[in-house]
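This report is meant for someone meeting the structure for the first time. It goes through a few side-chain contacts, ring pairs and charged pairs in turn.

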Amino acid sequence: MSQSPPPALSGNTAWARRHETALARFLRTESGSASVLLAATLVALVWANVAGASYASFWRTELSIKVGGAGVAMDLVGWVNSGLMTFFFFVVGLEARRELDIGELRERRRVLLPVTAGIAGMAIAVALYLSINAGSPSAAGWGVAMSTDTAFALGMLALIGPRFPDRLRAFLLTVVVIDDLVALLVIATVYTERLRMVPLIVALVLFAATFALVKLRVRASALYLAGGAATWVALYRSGVDPVVVGLAMGLLTFAGPAGREVLEAATDRFRDFREQPTPAFARSAQAGLQAALSPNERLQDLYHPWTSYVIVPLFALANAGIGVKGDFLAQAYRSPITLGIIVAYVVGKPVGVLAGSWLVTRATKGRLRPPVGWAAVAGGGTIAGIGFTVSLLIATLAFHGRELEEAKLGILTAALLAAGLTWGLFRLTAALPPALRARALFGTAETIVDLDEPVDDRRDHVRGPMKAPVTLVEYADFECPYCGRAETVVRELLAGYGDVRYVWRHLPLRDVHPHAQLAAEAAEVAARQGFFWEMHDLLLAHQGALKVRDLIGYAERLGLDVARFTEDLRRHAGAERVSEDVDSAELSGVAGTPTFFINGRRHHGAYDIATLTSAVKLARVTATIEARPVGWTRRKLSGFLR
């Protein structure tokens, strides 16, 4: 069923439709908020040095919330650290659960490597801190040297290492989540001064009740909000820092793609509203649309911008202010607290991440490898030396007075050095020969395949060479306007790259496109006479004319046996073949059109010509590294890496 691609279309495609996953939005938001976080840190430093008294007095202002005779009273910095930061850890928990449900970690065996890397990074960092502070009371502050700041690390990685693979950011995110989880457990167990058992038991019972609601699939948001708030208050009363509630609630919130049946139900509700625009149907349509999205995605979309652009910068403003004076700096940089934190983050973190990843790779004999090359893993290790948010949080619990100032200085200095090391590593990697650079950045790990039904040259409709290193699969609908626009992009892509093969698979959205199913069957009926692609091109060129008489007219134009075509169309001879594609789409988690897969991996993001070209280039490099064919030249690989 292979045919050569049609002639290229002239001009450029300016159109792009954004279709980001939760992970893509998460990484974009974290990267964008890094500058806001940096600005807040600078403001805190200036404020603390220009008007130190007002800085201290403002954040020590007490704020109480009371209902009747009961309530919670803390100073402003306490409300930020234990109250608002709960939402930050809630978002971290949401993203961790998303990765476990539908992300890179849905194959549970892949969890081992980032978990080991994260634990090794923490263990070596803590060991170095303890070795420098051995025999000193400051050794009790070892928890400060553990955790990586998610927002700062990902943001700085985007700024100073833009050519590191996106998979590194996903890998680093998993390592950071492990850091945060362990750090919160340390806060709850090690840095709790007085533990009250009755409130702690109440908190556990409340959390168990919330867990039961999740298992019963109760969708009442108010119940979860009330349960989380009550658990937070109970933990606060017990003496345990209540921020751990945020992470736990986030991990309870399941993630999943929208199912086709749910989407069709939402369409029916909207259609009811379109016919009778009443308040009742409006509420019904809104409820249907919300039900189509997983709670995880809805809550991330709601809270993540607030935590990244407001809460975390506010935390930095409240905690990063230290008086920077000459005599203080001279003494602090000789302090074991400051030195221990710097060495732990700048040396311990990258060594631990690299060592943990290498040990898992060796122990599994290469079956488990980092999702990126070793240079990228090293870059992830160095940038993990930015320990800001949780480190400052633990520092406020472990130290006071001058020791707290020394710890803050160590955290800020380590962050600067870690960013500088990552930049230097990026520059060294960029100077490598193209072939070596590709392997160092992308690695040779087996990637997760999202396409459930592999491409079969004997069955699928294929354009391009059969042995092409890159295969682009599209699930599409002949009546879908976005598919019509995407067709222009696909043609440009095929015309520009002779080693890409393109596969069309049917996914008629019958609930919104009434003629899509019959058009798909018409293409299959034409395929019986060897004219699939010719019919395919006509159908996409005339998306507004897909009735039976139009389809028969296209058959006449192509010179098909019209009587045979009409009879096959009447008895739905192509329906079974279309149904097979629809079934494969559902198995691959596809519910909308157009959806692209590149070498088995689902493509997320825009599908304009620039974005798809970039994705195809990356797939070619990865396929080449894995295949390592004889005669592969440095010149070719250099062209792909530009």
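## Side-chain contacts in a predicted model

The side chains of asparagine 81 and asparagine 319 make a polar contact of 2.9 Å, a polar contact being a pair of N or O atoms within 3.5 Å, where within protein one must be able to donate a hydrogen and the other to accept it, and where residues adjacent in sequence count only if both atoms are side-chain atoms. The model is predicted, and local features need pLDDT of at least 70, side-chain atom pairs count only at pLDDT 80 or more, and totals for chains, interfaces and linings use all residues. Residues are numbered from 1 along each chain as its sequence is written, and side-chain values use heavy atoms, with hydrogens and water left out.

Asparagine 81 belongs to helix H3, which covers residues 76-102; helices (H or I, at least four residues) and strands (E, at least two) are DSSP runs, numbered from the N terminus. With a relative accessible area of 7%, asparagine 81 is buried, where buried means under 20% relative accessible area, exposed over 50%, and partly exposed in between (1.4 Å probe, protein chains only). Leaving aside residues up to four places away in sequence, asparagine 81 touches Val243, Phe315, Asn319, Leu393 and Thr396, contact meaning heavy atoms within 4.5 Å.

Aromatic rings come next. Rings of Phe, Tyr and Trp (its six-membered ring) pair if their centres lie within 6.5 Å, and planes under 30 degrees apart count as stacked, over 60 as edge-to-face and the rest as tilted. By this rule the count is 14 aromatic pairs. Tryptophan 47 and phenylalanine 58 form a tilted pair, with 5.7 Å from centre to centre and 45° between the planes. Because tryptophan 47 lies in helix H1 (residues 22-50) and phenylalanine 58 in helix H2 (residues 52-59), this pair ties together parts that are 11 residues apart in sequence. Tryptophan 47 is partly exposed at 23% relative accessible area, and phenylalanine 58 is partly exposed at 39%. Tryptophan 142 and tyrosine 191 form a tilted pair too, at 6.5 Å centre to centre and with 45° between the planes. Here tryptophan 142 is partly exposed, with a relative accessible area of 24%, whereas tyrosine 191 counts as buried at 12%. One aromatic cluster is formed by Trp47, Tyr55, Phe58 and Trp59.

Charged side chains supply 19 salt bridges in the structure, a salt bridge being a side-chain nitrogen of Lys or Arg within 4 Å of a carboxyl oxygen of Asp or Glu. Three of these pairs are listed below.

| Salt bridge | N to O distance |
|---|---|
| Lysine 349 and aspartate 179 | 2.6 Å |
| Arginine 458 and aspartate 456 | 3.4 Å |
| Arginine 459 and aspartate 460 | 3.1 Å |

The salt bridge between lysine 349 and aspartate 179 links distant parts of the chain, with lysine 349 in helix H14 (residues 336-363) and aspartate 179 in helix H6, 170 residues apart. Both lysine 349 and aspartate 179 are buried. In another pair, arginine 458 counts as exposed at 73% relative accessibility, while aspartate 456 is partly exposed at 25%. Arginine 459 is partly exposed at 21% relative accessibility, but aspartate 460, at 0%, counts as buried. A network of salt bridges links Arg459, Asp460, Arg505, Arg577, Glu580 and Asp581.
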